[in-house]
Amino acid sequence: MRRRGGGGGVTGATLERRLANFRAAIRPDPEPSAADRTRSAGLAQLLATAVDGEVVDGALGAVVRCEPLTVVLPLDRERLASLPGQPPPDAPLVCLDTETTGLATAAGTMAFLVGLGWWEGERFRQAQLLLPDQPNELALLSLIEAHIPPSAWLVTYNGRGFDWPLLVTRYRMARRDPPVHAGHLDLLPFVRRVFRHRMADARLRTVEIELLNVARHEDVEGWQIPGRYLDFLRLGIVEPLVAVVRHNREDVRSLARLLGHIETGLADVHVRRTAARGDLAGLARAFSRERRFAEALDCLETALVAPIDPPQTAPASPSHRGEEDRWWMPRHRADFGGPPAPAPQPIASARLDAPWTEERILIDRARLLRRLGRFDESATAWEGLAAGSGPVAAHAWVEVAKLREHRLADHRGALEAGLRARAVIERRRRLALVDPALERGLARRLERLTRRVAAAPAAPHGSTRPTTQPAAVAGAGTIGTLGSTAIDDQVALTQSRSGSNEQAIVRRSPARALR
């Protein structure tokens, strides 16, 4: 805001006066009445008796705290820290899980039960903090802060997206800073990346069944939890909350079990060799995200000799259940007769739930070899993938062309690989299998390589770099033999279109020459 005519800004005294007026206009939170205190105290005592806890009464209000029995869950922190994304071995770990009045993280949702867990030696200790009444939320937030040391790492499951943002919102609503901590380990991304390929979904209950061999009995569903707490506030019905407390206790304990499963099954290099193929491939991608390419390559090479993963059991969707799957339903696939249309086959599926086939692992291995600077080995790996007849063959020949052109300085070999890719694409086009983006990129690449080969001086006899290719590729009759004659014909065709080599080079811009 500027004064008219003066051009100066707001002075410091004016700003201080405005802030003072704003602070005076803010109404302080009303003190709870005696009736409210009596009601909160009665609810706290009722809840503590039902869940076998104790009432922690302070100046900010009453909170119920219950501590389950400790369990023995050993965890080798040194080995765990060797895995990607894990906390340092000297940082204390605090497992955290919340039960809330809704699924949003906005101001209208609050956490009424916070479960915490930490290690004391080999024993896993837990504490559960329950909110008996909404006016006592500030006391609950103070107890949460007391249980989280500043040097601790939080361990959650989808906590980065839900639990912790919700708690941060509640602290801000109470005009307090959230607890300071050193880091946050959310296990959901790690589970998706490493184990999702063999699970129907990534819910914590599915993880317990598939990975931890833990089955819950008479457990409460997540959608029932808010209603049970609201019934307790309105009507004082406390019995349904006992199952909610048990549910939260098992959630926190499962976080500790999952960390132990990851440490014992993947942290030890020797034990890791007995892991499932998909687990090793997913762990390789986790290593690659931290640029630990050598360890990622070791995981992929181990995965190539590992047993094939069992087929995934897909969850039943509502559109495929008996009476709900009829010809008039929108999701029902129409049957026009004849053979089914072939589904598109990408070079490598990016979906985390896709099965880890040998071809997919070989693709990741070829990419890792290139990132490690082992370009000859990477080109050989791509040539092996190009021996097939599927959509991967064309992409593989393009990758070989990239390596030969940009890394191995073999333009003539790159042109030969590009022509092989074009042969695969033309054969697939006759089967009505087209990839317009790949064809356009390959056409530009062939044009550039042809001009570079035509502009290059003739190499002395015996100095031309040999273009290696696997026996499967050399004998592939479907692609055909693409030797020097085909390359010379491609160069001659480009020269006839452009008039001369010099004109073809001059017409190119410097930016396109670097492709």
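A charge sits over a ring if NZ of Lys or CZ of Arg is within 6 Å of the ring centre and within 35 degrees of the ring normal. Keep that in mind for our opening example. Arg-360 lies over the face of Trp-356, at 3.7 Å from the ring centre.

Now the whole protein. What you see above is a predicted model. There are 21 helices and 8 strands in the protein. The protein has 515 residues, and 43% of them are buried. Next, take the contacts with a separation of 6 or more. Of these, 69% are between residues 24 or more positions apart.

Let's go to helix α6, residues 187-195. Which residues of α6 are buried? They are Leu-187, Leu-188, Phe-190, Val-191, Val-194 and Phe-195. They sit on the same side of α6, because they cover an arc of only 160° around the axis. What covers them? The cover includes two strands, β7 (153-156) and β8 (183-186). It also includes α7 (204-210), α9 (239-267) and α11 (277-289). Look at the start of α6 too. There, a side-chain oxygen of Asp-186 comes to within 3.2 Å of the backbone nitrogen of Leu-188.

Phe-190 has another partner. Gln-86 is in contact with Phe-190, and also with Leu-80, Ala-81, Leu-185 and Leu-259, leaving aside neighbours within four places in sequence. Where is Gln-86 found? It is in the loop between α3 (77-81) and β4 (93-100). Is Gln-86 buried or exposed? Its relative accessible area is 9%, and buried means under 20%, so Gln-86 is buried.

On to α11, part of the cover of α6. How many residues does α11 have? It has 13, and it reaches 19 Å from its first C-alpha to its last. That is close to the 18 Å expected at 1.5 Å a residue. α11 is mostly covered, with 11 of its 13 residues buried. Among the buried ones are Arg-277, Asp-279, Leu-283 and Phe-287. The cover over the buried residues of α11 includes α6, α9, α10 (269-272), α12 (293-304) and α13 (358-371). After α11 comes Arg-291, whose phi is positive, near 60°.

That brings us to backbone angles. Most residues other than glycine have a negative phi. Asn-158 is not a glycine, yet its phi is about 70°. Asn-158 lies in the loop between β7 and α5 (159-173). At 35% relative accessibility, Asn-158 counts as partly exposed. Glu-218 is not a glycine either, and its phi is about 55°. You will find Glu-218 in the loop between α7 and α8. Glu-218 is exposed, with a relative accessible area of 74%.

Last topic: aromatic rings. A pair of rings is described by the distance of the centres and the angle of the planes. The count here is 4 aromatic pairs. One of them is Tyr-229 with Phe-232, a tilted pair. The centres are 6.4 Å apart, with 35° between the planes. How are these two placed along the chain? They are 3 residues apart in helix α8 (residues 225-235), so about one helical turn separates them. Both are buried: Tyr-229 has 1% relative accessibility, and Phe-232 has 0%. Which residues do ring pairs link into a cluster? They are Phe-112, Tyr-229 and Phe-232.

Methods:
Residues numbered from 1 in each chain as written. Predicted model: local features only at pLDDT ≥ 70, side-chain atom pairs only at ≥ 80, totals over all residues. Heavy atoms only, no water. Buried < 20%, exposed > 50% of the residue type's maximum accessible area, 1.4 Å probe, protein only. Helix = DSSP H or I, 4+ residues; strand = E, 2+ residues; numbered from the N terminus. Arc of directions from axis to C-beta. Contact = heavy atoms within 4.5 Å. Polar contact = N/O pair within 3.5 Å; in protein donor to acceptor, adjacent residues only side chain to side chain. Phe/Tyr/Trp six-rings, centres within 6.5 Å; stacked < 30°, edge-to-face > 60°. Expected span 1.5 Å × (residues − 1).
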